[in-house]
Structures are given as structure tokens and as C-alpha cells.
Amino acid sequence: MAEVEETLKRIQSQKGVQGIIVVNSEGIPIKTTLDNSSTVQYAGLIHQLVLKARSTIRDIDPQNDLLFLRVRSKKNEIMIAPDKDYFLIVIQNPSA
Amino acid sequence: MSSSGSVGPKVTQRLKHKLGFKSYEKPKDSTAREQQRKAAQVLDAEGRDVTPRPLCPTFLGVLPLDEIFSSKGSDRSKPTSSFADLLTSSSFLESTSQSSLSPKDSWTKETIDSLTLQDVNPNLPAPYKVPVKINRVEEDLTEDMLDEVVQKVITDRDTLTLLDLSLTHGVSEEAEDSNAVQERNVLYAELCRNRTNNDKYVDGATQTLNGMPKVKKIQTNKNIVVDEGATATNWDLHDSYCEQKKTPEAHEADIQDLTASTGKGQDRTAESISGDTGSTVSSLLEKCEDSFKARPDLEDVLMSDSFKSSLLVMERAVATNVLLAELAAYKNLPVLEDPDRTAEPGFGEQSDEDEEHLSTPTMKHLWVFVCDLTKGYKATSMAWSKKNSNILAVGYIAHDSKNPNPGLICCWSLKNPKWPERVYSCHSDVMSLDFSANNPSQLAVGMKDGSISIYSVNTEGETAFIASSREGSRKHLHPVMQVTWTKHQLKLSEKERQDVLVSVSIDGRITKWFLGGSGLDCIDLMKLKKIYDAKKKAAGGKKVEGNVLVPAIPALCFDFHPTEYGIYLVGTYDGLIHECSVSNNEQFLNTYKHHIGPVNHVEWSPFSPDVFLSCSSDWSMHLWQRGVSAPTMSFRSAYSEVHIAQWSSNSPALFAAIYKQWVEVWDLNSNIMFPTIVHHAAADVELTSLLFARDSDSVLVGDTEGQVTVYKLPNLRVGRTKKVESLDDIIQSVSSHRW
């Protein structure tokens, strides 16, 4: 447990990391470093995106599965590690 | 009601229909009627008056209804009111019969007033005005008028024939049996005509009984309707199928459109796919345990293994994001310009500048492998993983002798320079590391107390420790200076060659290790003994073998030949380099003597066979050819001990050397007298280890701060001739030049 906390702290301390959100399988954020409204917004929107992405990958080949999703935008990058029980979302702006 | 036009061509029948309200007649009415009747009389054979009574006399001109009604307020009487009702409700048809015109003459506007309207059908020529206002009645009502009985008769209007298809009777004249049909029609018309006065036909009437309708009410429960939606996707079907395949006997399930793979014909109840509660997974099968599965909560999620691996990947992703440009430079990939990123002075500009300058190329600092764990240590040795070129193992020695973990091993990944992938602590200072090629996860460590350990880097923590020679009886008693895995020469084919761990130690033994019953056991390959008579013997010298117990000479380094297995060089404390063979543990094959001080490092050239480089604490480095007793080239540039000199694995004529305070990179293509690049370390920091990157033009330098810095070498051949001179040519030229 402490290891996990430490790792999260390390990620948070990397350059440009704006926030980390852990969302459970229903889209409810269970751990976050952002403020409440942003968290809820990110959680809801990204939940849908990941479901869609996963559905896409698996529709093409049912034996395939989504491992990691990165969305690069003008201002930052959202990295999502999806799993059966949770999503791990990290928002980073590497040039900041 | 009306027998309107079906038979009989072109004869519109008059309506003889009267809706009359006949009440008793007053005498004056009858006289009027008789007057009317006498106008046209038809007498039958017996003189009876059978004058057809006129149906509805037509009035000339427009006759507004209100004028009819205005006759002395007669419309005010009771029947009038009902008549008014009938007016509004019923439709008036105009009779267009010609014959009704005959009594027309007798009808004038004046007669209207006097006549009772018994036989009169107030006839309205089209169009008629609906009486909107009945306000013409202004005359005072008298009692007499009220008592008058006014009769109004209402009849239907005649049928207007708009289209008469009676001729054809639905059969075209061009049809085959139209003639027959027409004949039958004619016959039927005859029949109908004869029917009217014929005794054969009698009209009869019947009455049907209509059952009394009865209303019965009934009440039921409301059907509860629930809307359910589901999405069936390709992968969902696949998942369901796989789940079902796994547990065929466990549950009873109904399969609707999945083919029953079991073929046993069992009835199956529905099963569901568990887990994805919030998603739009459609469930073809329903498992019974679904209800028992609790939702994973925060703790479960955070402790699960998959979360840890996700964290790992995420950490790497974040770190590589930060170091994107540097990593690209390391891998020699072009750095793509991000148009939306705020402009940073990137590497591109610097390299351009360097290319222009050409005079003093420098190494570019890329990044540093450092973390909190390595503070207070100094990096002593580094090794790349043989299988995965992203993995780097670094051995550390603690500065502080009271540190409970005097030795530390960190396995770093290129993708995450902020935190090592694996951390192992050792009981003693780590002097040397090497990865095995055959078992890529095995890492051999040689330590200061003379013990050798093997770790498996697949796992973390204590389970990684495989074996150690601590308890061995014949272990080294002195610090192990170097360990290496090398291929044994006795095997026949390339694939079968197993790695053998060989170590060299200050006690002068070169030993081969293998995994014995309890830990590592060893066999001595060679024992270095002092050569007393070296000066007296020939330079290519044989050793002196004596029965005298001679002290062993510390061996500081060794290196196996890259292609000839079993041939190795040993550098010793007294400046000799011995060439030995695995098969001969008594004699040296050759001895190279030129160094004055201890030889710190020897290394065969990976490109040119039989050329090796040696460096020593006598401030010099020598390039030797095998078999030649004197060094071919010497390099002396600074007044400091050379700790390590290593060949580059990419360029044949490139090597680097570590002094205490700086790194030198020699490019023999350009300059054999002076180093091409000199890089100084920061003040107070001593450089302790060096490693070339295998797939990149980079150099890793370890220092006493516990940092391992990655530098990128510039492209040294820019601006010069593109032809790469091999080391042999250089040597040739040097040799020929010399003599």
C-alpha cells in the first residue's frame, strides 16, 4: 500500500503533471489530486471515451484488448490506463 | 326512403316523400286546396279524380325562407318552431321535375300568405340562403294566429345524377361477354318494369329482432412495462462464448443464438456475464454468482496487481513525456517539432552550432539516472542487459561505511530515469556486475568481500537472490574486481554454448563458477603467480613455474576474446598483461609488458580482431596487437590515473577513458595524439565508471554522487571524409609510419 502511495507521489512530482485520477469501473472517482468539479468532469467524460475505445478495439478483433490510451491535445496530454475494475488517468503538460 | 336511380335510364323519379305534420285542417284551408286541385285534373276511367298531387311546387325567384314564415307570424306557431329545426337540420333537395312547374302558375307570392302550407314544400332554388335572422316577424301575435295550425311538409330533394354508369353496368363494351351481360340487363329492366303492377310479386316486410346490447365491464391488473436496452457487440459475443466454454457443466443456461458447443442437449437457464456493471455490456448469458460479486472498492483497486502494473506503465509514460527530446536524441531519432508547444531551445539548434564549430565537439548532457535511494552512494559499475537494451544495471558502493546496506544494485530502465525498476541491497560493496546472455534475467555481482551473488531480476526483493558464494569453501577472500559471463569453448554449436561465470579477484585467482549443490562452486582457471625472473627471460616470456610458494599477484581486470572462446587477457597489479587460455591453467600464452603501474582495464576491440586496449594508473593507455610485445599506439594526455578505457561498440576507432575528474573520448580517425572530446565533471565529483551505450552514440558516466549521467556523443565524422577507417588501417599506417 505504501509502495502504491509512493509511486503515485512520484508520478505527481514529475514535471508538468497536472493531476491524477483513479476512477472505478462505474465512473466514480475514488482517488484524485484535482479539485472536485474537474475530477467529476474528467471522470465522466473519459469513462465514456474509454468504453468507446475499448469497444472499437474489441469489435475489430475480439481477442484484442485496449491496454493504454493517450490523448494528446494542444495544451496537455491525458494518459489513461484502463482495466476491468478501474481507470487510471494522468494529465500532464510536459512543456510546462 | 327513396328509390333513387338505379334502374330506368334517364328517368329521375320524383320524390313522393312527405314529412308532414298533418293536424286538423281548418275549413279555409280545404278551399284553398280545392282551388289548387282544380287547376289540372286527371281523371281515370271512372271519373275519379286521380290528379297526381304536386310534390313540391317550384317558386320562381328566390324565395327566402323568412318570407314564407312572415305570413302573419304564422311561423311563430309551434309547428313552425319545429319546422325551423327541421330546416336547419335537414337538407333540402330541389326537385327539378318539370311537372311541378305546372302548378307554379297558381302559386304566386300572394297565395303563399293565404295558403296553408300543407302541401307546400317550401322549395328553395339553389342557392338558398340559410335564414340567419328571423326578424321579419314584427307583426303582433294575436291569439288567433297562435291557434292556427300551420302545417309544413318537408320532403327530400330529388337525387341529382352526376354520373350515370347504368348503361355499362360495369362491363366494358369491348369485353367478350358484354353482349351477354347487356342482354341480361335488358331482361332485368323488363322484369323490374313488369314488377310494379304484377301480381306475381308482392312486397312483404319483416322485422328483425335486435338483441339488447348489454355493457359488461371487466378490470385487470395493469401490465407493467419496463424498457430495457442492451448493446450486442462483436466482442461481447466473444466474451460470452469464452465464458460459457470455460464452465460447461457448472450452470444451466439457455442459449438463444449461441450454438451449443457441448452438444449434449441440456437445457440451460440464462447466464450473465459478471463484472461490467456500469458499461453497456449486453448479457446473453447470466451467471448465478453475479449477485454475490461485490463491487471492488478503493482498497481492492489500489492493492491489485494490475493497478501496480498500470502505475508502472503510467510512470514510464509520464517520464518519457518529459524526456521525449532527450530520448529521441539518444535513439538517434529526429525530434519532431511540436507546433503548439512553446518554443524551447531544442537540441537541433545546438547541434547545428556544433557542426559549424567543429573545433571543440562536446558531449551533450541528456539525462541523469538518479533517485533518492542512490544518495550517499557512488556508482562503481554498470552493465547493459544482454537481451533488453533498455535495461541497465548499476552497482553502488556506499560512502558511509556505517550504512547497513553497503552495496546497492539498481536496475534502471531507459524509460524511467527517476526511479529504478529494481533495487537490491547487498551486504557488501558492489565491485562489478554482469548480465548473463543465456538467462537474460540473471545478474552476477562481484563484491568487495570476495563473494559472488547471482540475482534474478525478474522478481523484486528477496526472492531475486538466487545464489551466493558466501558459504563456499573456495571462494575469493579478496575483493572481486570483475565478473563476466562468457561462453565456454568446448561446446560444439553456437546455440548450445552456455554462459559460464568467471571472476577475477585481488587474490590472483581467476575462477570459473557454477551452481553447485549449495550455492556457487568454483574451479580455478588460473592462479597468477609472481614471475621472479621476468626480466631475465625473453619478453614474450614464459612463466616460471616453481614449487616454491609464491605470493599471488592481484589481478585487477580481465577480458575474454570476443570470438575465440577461452582466450583471455588479465591485467595485473604489477603492470603485466597476460594472455591466457582456459584450457591451460598453468602457463600464460603471452605476456605484454609495458605498463609501469597497475593495469586497471583491458579490453579487446570489438571490431578488429586481436587488438586490445589497456589503461593503467601510470597515466597512459596502450593499444596492443596480439602477439606483438610492444604496444602499437600509446595515448597519454593527462597526468592522472586512467580508471577505465572502453571501446565504443558502434565505431571501430572510438574509445573513451575515465580519469578522476574528466572523461576523454578519443577518435582515432581524427586524432591519435589528443582526445577529441574532453568533458570535465563538476567540482567535488569524481567519475568512477563508464559504459558505452550499445545501440546509440552515447556514453554513460557514473560518479561519486551516485548519479549516472547519459551523454550523447556528437557525430564526429561530420565535415570530414565520410570514409570510415578501420582500426586496422590506422594501425597499419601507424606501424608503417613508425618504422
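This is a predicted model: local features need pLDDT of at least 70, side-chain atom pairs count only at pLDDT 80 or more; totals for chains, interfaces and linings use all residues.
Guide: Residues are numbered from 1 along each chain as its sequence is written, chains are lettered from A and ligands numbered from 1 in the order in which they are written, and side-chain values use heavy atoms, with hydrogens and water left out.

Visitor: Why is the aromatic pair of Y330(B) and W367(B) called tilted?

Guide: Rings of Phe, Tyr and Trp (its six-membered ring) pair if their centres lie within 6.5 Å; planes under 30 degrees apart count as stacked, over 60 as edge-to-face and the rest as tilted. Y330(B) and W367(B) lie 5.5 Å centre to centre with 55° between the planes, so the pair is tilted.

Visitor: What does this pair tie together?

Guide: Y330(B) belongs to helix α10 (residues 324–330) of chain B and W367(B) to strand β3 (residues 364–369) of chain B, so the pair ties together parts 37 residues apart in sequence.

Visitor: Why does Y330(B) count as buried?

Guide: Buried means under 20% relative accessible area, exposed over 50%, partly exposed in between (1.4 Å probe, protein chains only). Y330(B) has 1% relative accessibility, and therefore counts as buried. W367(B), at 3%, is buried.

Visitor: What makes the pair of F369(B) and W412(B) tilted?

Guide: Their ring centres are 5.2 Å apart and their planes stand at 55°, so this pair is tilted. F369(B) is buried at 0% relative accessible area, and W412(B) is buried at 0%.

Key:
Helices (H or I, at least four residues) and strands (E, at least two) are DSSP runs, numbered from the N terminus.
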